[in-house]
Amino acid sequence: MTTMQRRLGDAPAPETLDPEERMSVDELRALQLTRLQWTLRHAYANVPHYTRAFDAHGVHPDDCRELSDIAKFPTTSKADLRENYPFGMLAVPQDQVRRIHASSGTTGRPTVVGYTEGDIDRWAGLIARSIRAAGGRPGHKVHNAYGYGLFTGGLGAHYGIEKLGATAIPVSGGMTPRQIQLITDFAPQVIMLTPSYMLTLLDEFARQGIDPTSTSLQVGIFGAEPWTEQMRSEIEERMDMHAVDIYGLSEVMGPGVSQECVETKDGLHIWEDHFLPEVVDPLSVGSSGQTPLADGEEGELLFTSLTKEALPIIRYRTRDLTTLLPGTARPSMRRMAKITGRSDDMIILRGVNLFPTQIEEIVLRTPGFAPHFQLELTTQGRMDALAVRVEARSDTPADRRVAAAEELVRAVKESIGVSVACEVVDPDSLERSVGKLQRLLDHREK
Ligand code: DLL
């Protein structure tokens, strides 16, 4: 089959892949080691924070002789970036920094990241690789509804769309009615946005009386927040398009650290030529002698950048929980399973650990429920209580609402092992997302 005959949803022709995507495991590991040794030396020589942290830990870049030596080095956390606010983590003079991004900073100082010209070029290359893995091709039109600005989603995706040789439609988030008009009029093949904002767009299609399966869209590239297999089915069926996962975080680069391949949809291939992943027991991090977990065990994901000039990052604690798996569609690059959640988002309810994604799975498989729900934690007596507030679909009769609520409570008890309350609310009554959705309301007495 020639490249031209390939449909969206097929694997890209092997000759269109980057050479690194086709490396053998041995070639890739050798490249990683050279790049890791460079990164450690670069960080130690140019960032006072790393000089101090390595010295305090009794390690030196020369101690890295093989990839597993990474475990000897100290981890880096969001707090380290905050303490060095705004530019203390930069490893190059400011006049070499071409762009700044920052996290929203809702819980304190924002974390600031910087990029050299080379960093921006490599980032664009990884987004282009990610879109190609998702099924996008040169010549396609890509509707980019990730927010533009300090958030890495919009501009990060934008430069990669152009680098692929596709056409960027830089819509950003918001102005929802107009998003539908632009999709209808410009006829893009690919859309990039958060999964929760896709649900908002689906509501808007219905409001405008447009059948969402009638659009030109064939692939959606969803990330920036956790989403489940059940959500994939919901979106794929209602939009009649492929839905694949893209992952990344500003401290490590932005979107495009890992990407799911459309032909397998079996987790995200980590672009290991640029990032070295580890999964560790979240409770052991920081203690002495802590070692990475074996591939296949769930824990906290850490990343070390291998090519970043402006902001090299060593063993960054993402707080995201996942499992490392062997490569499939790109055999030498390991995959990460879909993120279960952030350790910060874990709810400990009367001693039982629970993630919002577990509730999402149950909501979406319960007939009568729309995919819109909210979680509210309160204090009742001296105990924490969790209420799941979920919207009924517009065609759900009243008696089905009651039965659906009972089913959800039973399913949560059976699969997670804890009692929750369920309140079914009218269609369109919960707040909608335009970007990352905050599902959890914490109203516990402090
Ligand atoms: O969310 C970068 C991004 C933009 C990724 C667009 C994908 C698409 P931050 O704002 O720094 O960066 O937030 C990073 O978002 O640590 C995860 O907790 C979460 N996250 C990102 N992608 C996924 C995903 C961007 N595919 C934080 N699945 C990360 C689950 C994700 N969580």
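Reader: Where does Pro86 lie?
Author: Pro86 sits in the loop between helix H3 (78–83) and strand S1 (99–102), where helices (H or I, at least four residues) and strands (E, at least two) are DSSP runs numbered from the N terminus. This is a predicted model, in which local features need pLDDT of at least 70, side-chain atom pairs count only at pLDDT 80 or more, and totals for chains, interfaces and linings use all residues. Residues are numbered from 1 along each chain as its sequence is written, and side-chain values use heavy atoms, with hydrogens and water left out.

Reader: And what joins Tyr85 and Pro86?
Author: A cis peptide bond, with omega at about -5°. Most peptide bonds are trans, and most residues other than glycine have a negative phi.

Reader: What about phi at Asp240, positive or negative?
Author: Asp240 is not a glycine, yet has a positive phi of about 50°; its place is in the loop between helix H8 (229–239) and strand S7 (242–249).

Reader: Let's switch to packing; at what angle do H8 and H9 pack?
Author: The angle is about 40°, with the axes 8 Å apart, the axes being lines fitted to C-alpha atoms, for helices over the stretch in contact, and angles running from 0 to 180 degrees between N-to-C directions. That makes H8 oblique to H9, given that angles under 35 degrees count as roughly parallel, over 145 as roughly antiparallel, 65 to 115 as roughly perpendicular and the rest as oblique.

Reader: Which residues meet there?
Author: Gln230, Met231 and Glu234 in H8 meet Glu360, Glu361 and Leu364 in H9, contact meaning heavy atoms within 4.5 Å. By class, these are 2 nonpolar, 1 polar and 3 charged residues, where Ala, Val, Leu, Ile, Met, Phe, Trp, Tyr, Cys and Pro count as nonpolar, Asp, Glu, Lys and Arg as charged, and the others, Gly among them, as polar.

Reader: How do H9 and H10 cross?
Author: The axes of H9 (residues 356–365) and H10 (residues 398–415) come within 10 Å and cross at roughly 140°, so H9 and H10 are oblique to each other. On the H9 side Ile359, Ile362, Val363 and Arg365 take part, and they meet Leu408, Ala411, Val412 and Ser415 in H10. That contact has 6 nonpolar, 1 polar and 1 charged residues.

Reader: And H1 with H2, what angle?
Author: Helix H1 (residues 25–46) and helix H2 (residues 48–57) pack at about 105°, their axes 5 Å apart, and are therefore roughly perpendicular to each other.

Reader: Last topic: how many residues surround the ligand?
Author: There are 19, the closest being Asp245, Ile246, Ser250, Asp320 and Lys436; a residue is near a molecule or strand if one of its heavy atoms lies within 4 Å of it.

Reader: Which side chain has an N or O atom 2.6 Å from a ligand oxygen?
Author: That is Asp320, while an oxygen atom of the ligand is 3.0 Å from an N or O atom in the side chain of Arg342.

Notes
Polar contact = N/O pair within 3.5 Å; in protein donor to acceptor, adjacent residues only side chain to side chain.
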